[in-house]
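Look at the model below.

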Amino acid sequence: MRKEENEMKICKHCRSQIPKGAKICPNCRKKQGGIVKWIVVVIIVMFVIGVAMGGGNEEPTAKSKKNETAKNEKAEFSQNETVSFKGVDFAVTNVKKTSGSDFDTAKEGYEYVIVSVKIENKSEEKISYNPFDWQMENSNGQEESTTFTTIDSDTALSSGDLNAGGVVEGTLAFEQPQGDAGLKLNYYANAIFDNEASFKIKLD
């Protein structure tokens with residue numbers, strides 16, 4: 001008889017004495033797992049938890065960096081500031097408010113707001129410009145597209161392309177409530193797909 005058959009051990013489940021070499025307890029019929037197996041299981045579990053915790057810590061860090069970058073990006077400017085956006089400079093050079101002329105008047109309680117803008121392409125690529133890229137927001141939070149009026153027919157900004165180093169100037173006409181002191185000129189880099197303005201310029 002081999003030596004190990006005389007040696008006994010305690011069942012890990014029912015705590016009864018069984019032969020040391022027994023793989024299954026003759027009393028409770030449960031397998032006897034070796035200590036090596038449990039060490040391997042513990043290591044695997046700890047590794048999985050460590051990876052999960054590491055991934056969890058990384059994601060908020062990336063988000064915080066993204067939020068910090070977004071926070072540092074200025075989205076609203078004053079009328080006297082030049083806005084640099086994707087290599088292009090945008091500036092408001094003049095704002096004129098008028099009720100119109102004898103032949104072209106704004107509707108009752110409203111006035112025309114004529115904004116002169118200058119666009120300078122300082123990037124190395126050709127860009128497109130369009131008056132429909134611009135909206136005017138009033139103090140009630142309402143956004144309006146440009147309106148047609150003969151008041152700025154000679155100076156109105158048209159649509160076209162601007163080569164690298166090119167400059168274009170023109171006017172944008174809007175119809176807004178008289179005396180509104182909270183007007184903002186909003187620019188949309190992609191007027192079709194963008195839900196939020198790329199930047200806003202608060203008018204004096």
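β7 supplies the largest share of the lining of the largest pocket, three residues. Strands here, like helices, are DSSP runs numbered from the N terminus (E, at least two residues, for strands; H or I, at least four, for helices). β5 (88-98) and β7 (127-129) each give at least two residues to this lining. In total 16 residues line the largest pocket, and Val 88, Phe 90, Ile 127, Ser 128 and Tyr 187 lie nearest its centre. By class, the lining has nine nonpolar, three polar and four charged residues. Nonpolar means Ala, Val, Leu, Ile, Met, Phe, Trp, Tyr, Cys and Pro; charged means Asp, Glu, Lys and Arg; the others, Gly among them, count as polar.

The model is predicted: local features need pLDDT of at least 70, side-chain atom pairs count only at pLDDT 80 or more, and totals for chains, interfaces and linings use all residues. Residues are numbered from 1 along each chain as its sequence is written, and side-chain values use heavy atoms, with hydrogens and water left out.

How much space lies in the largest pocket? About 250 Å³. A pocket is an open set of points on a 1 Å grid over the protein atoms alone, where a 1.4 Å probe fits and protein lies on both sides within 12 Å along at least five of seven lines; lining residues have an atom within 4 Å of a point. Grid points are joined across faces, edges and corners, and the volume is the space filled by probe spheres set on them.

The second largest pocket holds about 200 Å³. Its lining has 13 residues, with Thr 146, Thr 147, Phe 148, Ala 156 and Leu 157 closest to its centre. Seven of the lining residues are nonpolar, five polar and one charged.

Now the core. Which residues touch the most other members of the largest nonpolar core? They are Ile 119, Trp 134 and Leu 185, out of 24 residues. β5, β6 (110-121), β7, β8 (134-137), β11 (167-177), β12 (184-187) and β13 (199-202) each give two or more residues to this core. β6 gives the most, with four. Such a core is a set of buried Ala, Val, Leu, Ile, Met, Phe, Trp, Tyr and Cys residues joined through side-chain atoms within 4.5 Å. Buried means under 20% relative accessible area, exposed over 50%, and partly exposed in between (1.4 Å probe, protein chains only).

Take Ile 119. Beyond its neighbours within four places in sequence, its contacts include Val 88, Phe 90, Ile 127, Tyr 129 and Leu 157. Contact means heavy atoms within 4.5 Å.

Next, the sheet. Five strands form an open sheet in the order β3-β13-β12-β8-β9, with mixed pairing. β3 (76-78) and β9 (143-144) are the edge strands, each pairing on one side only. Two strands pair if DSSP finds at least two bridges between them. β3 runs parallel to β13 over three bridges, and Ser 78 has Lys 202 of β13 as its bridge partner. β12 and β13 run antiparallel, joined by four bridges; Asn 186 is bridged to Lys 200 in β13. Four bridges also join β8 to β12, again antiparallel. Here Trp 134 has Tyr 187 of β12 as its bridge partner.

β12 is covered on both faces: Lys 184 and Asn 186 are buried on one side, Leu 185 and Tyr 187 on the other.

Leu 183 is 46 residues away in sequence, yet its C-alpha lies 5.6 Å from that of Glu 137.

Two loops remain. Lys 86 sits between β4 (83-85) and β5. Its phi is near 50°, a positive value in a residue other than glycine. Most residues other than glycine have a negative phi. Lys 86 counts as exposed because its relative accessibility is 68%.

Ser 99 lies in the loop between β5 and β6. Its relative accessible area is 47%, so Ser 99 is partly exposed. Ser 99 touches Asp 104, Thr 105, Ala 106 and Tyr 112, not counting residues up to four places away in sequence. Its C-alpha is 8.5 Å from that of Gln 178, 79 residues apart along the chain.

Finally, the whole chain. There are two helices and 13 strands. Of the 204 residues, 29% are buried.
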